Amino acid sequence: MAAPSSPGLFSAPAPIRSLFKSFPLAVHPAEALPARAATDASLLPRLYVFAHERDAELGLPSYNPSCLKWQSNHKTILRIAQINVRLVPSSNHASPSGALPFLILPTSTTPATVPLTGEKIARFAKQHAPSANLDDPSPRIDAYQALIVHSVRPAWLHSLYVNPANDTLLEALYLPSSALLRPAQRHTLRAAATTEILKATRRTTGGIDATQLFDAAEEAFAALAALLGDAEWFLGAEAPGVLDAELFAYSHLLVGGQLPKRYCAKGSLEKGYMTTFGGANTQIIVKTPKTPNSISI
């Protein structure tokens with residue numbers, strides 16, 4: 001009769017082995033998840049944007065122009081393509097590209113939930129609505145889009161992120177609630193905005209010239225107003241297009257769409273110029289700054 005083998009180094013102690021022989025473990029098959037009736041919201045693409053929780057639930061416009069450009073509100077790209085989405089509050093940290101917005105299609109549409117960002121959202125919109133006015137109908141559009149990128153957006157960035165006068169608004173919209181985290185995040189946002197402004201305005205020396213920045217924004221609005229003329233949409237189109245959506249993303253916020261009233265240009269116009277854009281009668285007001293560091297947004 002062979003002697004019983006001694007337990008190995010990694011064997012369980014004898015009392016434990018005896019216990020589990022008396023009560024052997026059994027692995028049961030996994031139960032199916034509870035079946036829930038599909039809701040309209042679950043069947044919609046999810047657009048992750050900068051927004052407050054309650055505003056997203058109500059489908060209100062984002063307070064971020066880069067997100068609002070795509071959002072499914074009047075005169076925005078997804079709305080032009082007749083794509084309804086469910087808004088989800090998010091942050092850049094959650095985005096696969098490091099920037100909002102991004103779009104996730106429902107699993108009923110595609111088996112792989114690959115987030116769509118930037119131009120991929122644009123391609124999805126064009127594929128969904130080939131007849132929509134989402135292709136540039138004129139080579140001139142590029143030049144006017146450049147006005148928004150190189151003149152309007154830098155003034156917006158400076159007003160919100162760089163100008164200390166709007167620090168309360170910056171804190172309310174983008175900074176964490178923790179007082180310990182806010183200073184570092186504020187510094188990061190201001191540094192990133194400054195870098196983008198200098199890149200957009202092609203300034204390599206001398207830093208930001210705020211007066212020149214706001215003058216350029218005012219000139220851009222004047223040029224866009226001249227292009228629109230008395231038409232409802234740019235270039236006399238029958239429906240809004242990409243340029244309408246890009247401009248709306250800033251004009252809607254400038255006149256008091258999602259920003260607190262005290263920060264909007266309409267409430268503090270003293271000396272400047274005003275023009276009207278588009279079928280929604282969106283008024284764009286740019287206040288001539290009293291000092292190089294002031295502009296109402």
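This is a predicted model: local features need pLDDT of at least 70, side-chain atom pairs count only at pLDDT 80 or more; totals for chains, interfaces and linings use all residues.
1. Helices (H or I, at least four residues) and strands (E, at least two) are DSSP runs, numbered from the N terminus. Leu 228 is found in helix 9 under that scheme. Leu 228 is also buried, at a relative accessible area of 5%; buried means under 20% relative accessible area, exposed over 50%, and partly exposed in between, with a 1.4 Å probe and protein chains only.

2. Residues are numbered from 1 along each chain as its sequence is written, and side-chain values use heavy atoms, with hydrogens and water left out.

3. Overall content. The protein has ten helices and six strands. Of its 297 residues, 41% are buried. The accessible surface is about 16,900 Å², and carbon and sulfur atoms hold 56% of that area; the areas come from the Shrake-Rupley method with a 1.4 Å probe, and for residues only the protein chains shown count as cover. Among contacts (heavy atoms within 4.5 Å) with a separation of 6 or more, 64% are between residues 24 or more positions apart.

4. Helix 6 against helix 9. Two packed helices are described by the angle between their axes and the distance between the axes. Here helix 6 (residues 140–162) and helix 9 (residues 210–228) pack at about 140°, and their axes are 9 Å apart. The axes are lines fitted to C-alpha atoms, for helices over the stretch in contact, and the angles run from 0 to 180 degrees between N-to-C directions. The crossing of helix 6 past helix 9 is left-handed, a term for the near helix being turned anticlockwise from the far one by less than a right angle, with clockwise giving right-handed.

5. Residues in that contact. Helix 6 contributes residues including Arg 140, Tyr 144, Leu 147, Ile 148 and His 158, and helix 9 contributes residues including Leu 213, Phe 214, Phe 221, Leu 224 and Leu 227. By class, the contact has 16 nonpolar residues, three polar and one charged. In this count Ala, Val, Leu, Ile, Met, Phe, Trp, Tyr, Cys and Pro are nonpolar, Asp, Glu, Lys and Arg are charged, and the others, Gly among them, are polar.

6. Helix 7. Which residues of helix 7 (residues 167–174) are buried? They are Asp 167, Leu 169, Leu 170, Leu 173 and Tyr 174. Seen down the axis of helix 7, these buried residues fall within an arc of 155°, so they line one face of the helix; the arc is that of the directions from the helix axis to the C-beta atoms. The buried residues of helix 7 pack against helix 6 and helix 8 (182–200).

7. Backbone points to check. Leu 100 and Pro 101 are joined by a cis peptide bond, with omega about 5°. Pro 101 sits in the loop between strand 2 (86–89) and strand 3 (102–104). Gln 82, though not a glycine, has a positive phi of about 60°; Gln 82 lies in the loop between helix 4 (77–80) and strand 2 and is exposed, with a relative accessible area of 66%. Arg 202, likewise a residue other than glycine, has a positive phi near 60°. Arg 202 is placed in the loop between helix 8 and helix 9 and is exposed at 64% relative accessibility.

8. Ile 83. Ile 83 lies in the loop between helix 4 and strand 2 and is buried, with a relative accessible area of 4%. Ile 83 and Pro 45 are 38 residues apart in sequence, and their C-alpha atoms are 8.5 Å apart.

9. Tyr 48. Tyr 48 is found in strand 1 (residues 46–49) and counts as buried at 15% relative accessibility. The C-alpha atoms of Tyr 48 and Pro 89 are separated by 5.9 Å, although the two residues are 41 apart along the chain. Leaving aside neighbours within four places in sequence, Tyr 48 is in contact with Val 88, Ser 90, Leu 100, Pro 101, Phe 102 and Ile 104. Two of these, Leu 100 and Pro 101, are the residues joined by the cis peptide bond.
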